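Please keep the sequence and the coordinates in view while reading.

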Amino acid sequence: MPVNFDRFTLVQYLDQLSTKEPVPGGGSAAAYVAALGTGLLSMVANYSLGRKANTKTVEARLLRSRTASEVIRKRLLALTSLDSEAYLQIVAARAKDNKTQRLASRNAAKVGEEICRLCYKAMELTPFLVEKGNPYLLSDVEVAVELLRAGYNGSMVMVKINQ
C-alpha cells in the first residue's frame with residue numbers, strides 16, 4: 001500500500017503522526033523536519049537574490065543555491081512517504097523468514113542514509129548564505145541548520161535501528 005504524505009498539509013501530517021498508526025513515525029518526521037530546514041534555505045536564497053550589493057557571481061551562486069535547496073527539499077518531502085513505506089515493509093516481513101526481515105531492514109536503512117546525505121548537502125549551502133545572503137535572514141539560516149541537524153540525527157537513529 002503506497003503511503004503519500006507529500007500532499008498533506010502540516011496539520012494533516014501532524015494529525016496523522018499523532019495517531020495510533022505505524023506510519024508516519026520517527027524516520028518520516030526526520031525527513032519532514034529536514035525538508036522544513038531546506039525550505040528555509042530556499043527562502044533565504046530567494047530573499048537574497050536581486051540585492052544591489054550582489055555581483056553577477058553572487059547572483060549566479062544564489063541561483064544555484066536556490067535550485068539545489070529546492071531539489072533537496074522536494075526529495076526530502078518524498079522521503080517522508082518512502083520512509084513510511086519502508087517501515088511498513090519491515091512490519092510485513094516480521095511474519096516471514098530472517099532473510100526477508102534483513103532485506104526489509106536494509107531497505108529502510110537506505111532511506112535513512114539518503115535523508116542523512118541530503119541533510120549534509122543542504123548544510124553545505126549554509127556558509128555561502130551566511131556570507132552573501134540577506135543579512136536580515138541570518139536567524140533563518142540558523143534555524144535551518146538546527147532543523148537539518150535534527151533531521152540528520154533523527155535519521156541516524158533510524159539507520160542504527162535498521163542495520
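## Terms and basis

A residue is called buried when its relative accessible area is under 20%, exposed when it is over 50%, and partly exposed in between, using a 1.4 Å probe and protein chains only. The model is predicted, with local features requiring pLDDT of at least 70 and side-chain atom pairs counted only at pLDDT 80 or more, whereas totals for chains, interfaces and linings use all residues. Residues are numbered from 1 along each chain as its sequence is written, and side-chain values use heavy atoms, with hydrogens and water left out.

Once neighbours within four places in sequence are set aside, Ser28 is in contact (heavy atoms within 4.5 Å) with Phe5, Tyr13, Thr80, Asp83 and Ser84.

Ala31 also lies in H2 and is buried, because its relative accessible area is 0%. Not counting residues up to four places away in sequence, Ala31 touches Leu76, Leu79, Thr80 and Ile115. From C-alpha to C-alpha, Ala31 and Arg73 are 9.3 Å apart in space, although 42 residues separate them in sequence.

## Packing of H2 against H4

Two packed helices are described by the angle between their axes and the distance between the axes. For H2 and helix H4 (residues 98-123) the angle is about 15° and the axes are 10 Å apart; axes are lines fitted to C-alpha atoms, for helices over the stretch in contact, with angles running from 0 to 180 degrees between N-to-C directions. H2 and H4 are therefore roughly parallel to each other, a term applied to angles under 35 degrees.

On the H2 side, Gly27, Ala31, Ala34, Thr38 and Leu41 meet Ile115, Cys119 and Ala122 in H4. Sorted by class, this contact comprises six nonpolar, two polar and no charged residues, where Ala, Val, Leu, Ile, Met, Phe, Trp, Tyr, Cys and Pro count as nonpolar, Asp, Glu, Lys and Arg as charged, and the others, Gly among them, as polar.

## Cysteines

How many disulfides are there? With a disulfide taken as a pair of cysteine sulfur atoms within 2.5 Å, the count comes to zero. The sulfur of Cys119 is 6.3 Å from the closest cysteine sulfur, in Cys116, which is too far for a bond. Cys116 is buried at 5% relative accessibility, and Cys119 is buried at 2%.

Key: Helix = DSSP H or I, 4+ residues; strand = E, 2+ residues; numbered from the N terminus. Parallel < 35°, antiparallel > 145°, perpendicular 65-115°, else oblique.
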